[in-house]
Amino acid sequence: MEKRTIAAVLSFAIVAVFFFFSVFLIHPFGDLDQVQMDDHIITNTQNETGTNNGVTAVVFDYRGFDTLGEATILFSAVAGVIMIFRRVKE
Amino acid sequence: MTEMTKIVKTIANILFPFTVLFGLYVIAHGHLTPGGGFQGGAVVASGCALLLVAYSSGWVFERIKEKRLATFESIGAIGFITVALLGLMFSMVFFGNFLAGSNLLFGTTPATGSTLANFNTGGVLPLMNFAVGVKVIAGLFVIVLVMAYASSVRGWDQ
Amino acid sequence: MTLEEILIQHSPALVIAIPLLSAFLMPLISRINAKLRNVFAIAMLGLTGCFIWLLATDVLTSGPRVYIFGAKNLTIPVVRILFEVDSIGIFMAIITIMLAIIAVIYSWSFMNEQDGLDKYYTLLLLLVTSALGMEFTGDIFNFFVFLEISCIASCALIAFWVTEGEALEAAFKYIVVSAIGALFVLFAIGVLYAQYDALNIATLAQALQYTFLDKIVLILLLVVLGMKAGLAPMHMWLPDAYGRAPPSVTLIIISATLASFYGVLRVIFTLYGNVLTTSMRFDFPLHVIIGWVLIVLAIVSILIGVIMALIQSDFMRLIGYTAVAEVGYMFLAIGTTVAALGAPYATVALQGGILHLLNDAIDIGLLFLVAGAIYYVTKKRSLDDIGGLARTMKYTTVFFIVALLAVAGMPPLNGFTSKFLIYESVYQLNPILSIVAILCSILLLAIFIKVLYAAFLGPELPALKDVKEAPKSMLLAMGLFAGLAILIGLFPNLFIDTLVKPAADALLNHAQYITMVIGGI
Amino acid sequence: MIEYIPFIAVVAMVFIGLYAVMFRRNLIKIVIGITIIESGVNLFLITLGYREGGVAPIYTGLPPGTTYPEQMVLPVPQALTLTSIVIGVAVLALMLSLVMHIYRKYGTLDVRKIRRLKE
Amino acid sequence: MFTLESGSGFWNPLIWILIVFIAFLLFYGIRGFGKNIHKKGTEQTKAFLSGNKESAPEDMHVKASNLYWGFTTSMKALYAGLRKMHTGNTSDYILWFVVVLAVLFIIFGVM
């Protein structure tokens, strides 16, 4: 085998093994141990933001700045795509 | 991409208004039901992509220029950041929800617990949803349109 | 409250909002007039610079500043995104805005014959915003979002010259590397969120236990941010991207790269600041392991960067490899600091590393501007095709000599001051490392002497008979950098006392960073 | 074991994607690999927010008898996933347009032949 | 303001400039002792190439790739390895990332 393949397979396996065993250290699915931030949001959504939808409250109010960044990402992708497909005088 | 048959065109004609309407509903009710600006915008943009498939991309490109769509996208983004800056002006903090609890537009506070949908709630959230909706419709549509048109123009497949 | 106080209070938000809003406005404004567009870009960046200046005066005199988005008061647990601006953040912001303003000045002449310039300026402003956001943010997911903005905007800008296949190739390689890196960062953020249910850096730093999962997170963040900063052996995207992007763009990509380097600093010193000295394995505290890992990677970066730069014939690609070596010097300083945490020379190494950030931005930036000027007048990339340019491009030659001496760490220019601090402190950790660093610095000098000889000296080539000096705005941009290089070289303490020492102290004092958010209620 | 299956799926997806990026030769397949990694990470985030027997954190038409916050899933991971999906769309659009251009310039999609920039 | 202290040493650019200036003066003074026998435009200034004719200026210019030929040739083995490492293949860029990840996982996992 090529050296590259050996190195690739070996390191790939090591990283995969570490990832695989580390996920068992995360809390089991559906059984959370630390929820203080989210409980705070769920309890206070209605009186703080006046919204029934907790997810929208997080997206646009509690973490609204992230959404601005997200909108910026879409904007820059559109700008990039239009720029790449522009007609160029060769 | 060439034009498709009459069957596809007819079905696209029927489906397009419904898709757009559903997308706009999702955008408008983002603060009450699952959904919001991004999801609704994606629905509307997929409706537009349906047109793109049925009629050729050249047909759509003749009617809607990508520059105009990009302008719309800019306007959506400006609207979003303007709402955030209005928060800076009225509630002295960037991204402040200055309308929530003010009993003005969208200013009603819902009762706690399970309630019926009251459209007049949410403060600035519906405004932001709307701005993001415009932005996502224009943005996704322009991406699809530009890529489809560029691949349909000759000189790409050599 | 006076107006100034209100402005200072809101300047963290405005520093992001102004370039972002101007980026959104740019497509509309560039429809009116091309000249108006250029003036608008420089004016808005100038305004941002004013706010950074205002913020800097406040942060450097009265400590870090916290800005919460969407609410006036903090709640515990911290649910909202907040900006925490301390001395190191403001130092990085000053570098970013300096590079951005000079890049826009340079673009005036350099880009005037291109089309698609409205998108170019839009993406330029977005890239500046993303670098500023990465430097100010106190929320780890927000950091990821800004990392992605910088990834997308710089990828699109690298592909600006779409008629060249190599530019597209470089952009594709860059986006693959950045996208995968960013996804692993997101994975790490998810793991942190699963354990502590927090996204705020200060909250996470306080709660961090250094479990096995935290180890994984640390490695992922270090490797990805190191890759984005150009650490060997994951540096291959860097010469490709730097060599093929327009040089005015490269300046801002440098600032994005430095922002990733800042992310490494933030992860080590703040996020894992509590556990650096307390976690022990086999009598080794954690900081020794991290420090030596960084030192080894840094030495590899320096060696590979210098040795590969020696055989390049493409001028911009050569500078790209030099940039890898310079990043290696920064990582060497940081590694020494972390490995010898607590020793008196650790602080000196950190100061040297932080000053080297500024010097790297100036020196590499100046080199790229010179390379761009040569490309602008001759339309040639390869050093083999040019020669004797000193006869026609007198000012550019002078600026290149300044850059050459600065990047090789020759006194009395700025590169020497920071490298002096780095050599002195690394020598006390391990003399061999210091000697290797000095030897590589000499090799850097040799590399650029080669460039000086090949491009500027020698007989006048007939193909280049009618080249002219670069336009005025390009000379102005290069002159600004050269002036800064000489200024820092002659008055290093002016910068070290006002900017670098507070920045180093802010990094080492992670307890203050945490208390600003959590203890301040 | 059974309660860890979503996490195992996440790891599997991430490494399938990484495999595609590292060993496939077609650029489009590399792009698909990145998209699979991204889906895996999104699945990871959404998995972290699930609470046993929880409903969506939306008060409109909440099933009667639901106690909150104990019976609602966490809203923050959903918001993060939303952000991540949009980022993925943006990256995907840019990557595909670059691939289209690269195909026009190089006439191939083989990653081993698209290396004019080396050394 | 001018002296940069590093804990174990110091650096002052002004003293350095002063020393360089003095050295330059010394050099210039010593140079003055020599005889001025250089005359422009005579045979003296022409290159002597064993009787061959002087080439055109563009041929006299040593190309950038040919500079440091000796260095690169003597380090051939090193350069062969490094060239092999920089394949320019996008997958290899990711491969290096995974390799570093694996090495660090092992280092941190053991330690």
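This briefing walks through the domains, chain contacts, charged pairs and aromatic pairs of the structure above.

The model is predicted, so local features need pLDDT of at least 70 and side-chain atom pairs count only at pLDDT 80 or more, while totals for chains, interfaces and linings use all residues. Residues are numbered from 1 along each chain as its sequence is written, chains are lettered from A and ligands numbered from 1 in the order in which they are written, and side-chain values use heavy atoms, with hydrogens and water left out.

**Two domains in chain C**

- Chain C is assigned domain 1 (1–275) and domain 2 (278–490); such bounds come from an automatic or database domain assignment.
- The centres of these two domains of chain C, taken over C-alpha atoms, are 23 Å apart.
- Their contact draws on 46 residues from domain 1 of chain C and 50 residues from domain 2 of chain C, where contact means heavy atoms within 4.5 Å.
- Between them, domain 1 and domain 2 of chain C bury about 4,100 Å², with 78% of it on carbon and sulfur atoms; buried area is the accessible area (1.4 Å probe) that two parts lose on being put together, summed over both.
- On the domain 1 side of chain C, Tyr106(C), Leu231(C) and Phe261(C) provide 15% of the area buried against domain 2 of chain C, more than any other three residues.
- The interface of domain 1 and domain 2 of chain C holds 3 salt bridges, a salt bridge being a side-chain nitrogen of Lys or Arg within 4 Å of a carboxyl oxygen of Asp or Glu.

**Where chain D meets chain C**

- Here 37 residues of chain D are in contact with 38 residues of chain C.
- Chain D and chain C bury about 3,100 Å² between them, and 84% of it is on carbon and sulfur atoms.
- Within chain D, the residues that lose the most area to chain C are Leu98(D), Leu117(D) and Glu119(D), together 21% of what that side buries.
- The interface of chain D and chain C has 1 salt bridge.
- Arg116(D) pairs with Glu166(C) in a salt bridge whose closest N and O atoms are 3.6 Å apart.

**Charged pairs**

- Side chains of opposite charge can pair when their charged atoms come close.
- Over all chains, the whole structure has 22 salt bridges.
- Asp39(A) and Arg51(D) form one of them, with closest N and O atoms 3.1 Å apart. This pair crosses between chains, from helix α2 (residues 36–49) of chain A to the loop between α2 (27–48) and α3 (75–106) of chain D; helices are DSSP runs (H or I, at least four residues), numbered from the N terminus.
- Asp39(A) and Arg51(D) are both buried, a word that means under 20% relative accessible area, with exposed over 50% and partly exposed in between (1.4 Å probe, protein chains only).
- Asp240(C) has a salt bridge with Arg317(C) at 2.8 Å between the closest N and O atoms, and another with Lys173(C) at 3.5 Å. Lys173(C) in helix α6 and Asp240(C) in helix α9 (residues 237–244) are 67 residues apart, and both are buried.
- Lys419(C) forms a salt bridge with Glu326(C), with 3.5 Å between the closest N and O atoms. Since Lys419(C) lies in helix α15 (residues 414–429) and Glu326(C) in helix α12 (residues 315–339) of chain C, the pair ties together parts 93 residues apart in sequence.
- Glu164(C), Arg244(C), Asp314(C) and Arg381(C) are linked in a salt-bridge network.

**Rings and charges**

- The charged end of Lys419(C) also sits over the ring of Tyr329(C), 4.4 Å from its centre; this requires NZ of Lys or CZ of Arg within 6 Å of the ring centre and within 35 degrees of the ring normal.
- Arg381(C), a member of the network, lies over the face of Tyr375(C) at 5.1 Å from the ring centre.
- There are 54 aromatic pairs over all chains, counted when ring centres of Phe, Tyr and Trp (its six-membered ring) lie within 6.5 Å, with planes under 30 degrees apart called stacked, over 60 edge-to-face and the rest tilted.
- Phe19(A) and Phe184(C) make an edge-to-face pair, 5.9 Å centre to centre with 85 degrees between the planes.

Methods:
Helix = DSSP H or I, 4+ residues; strand = E, 2+ residues; numbered from the N terminus.
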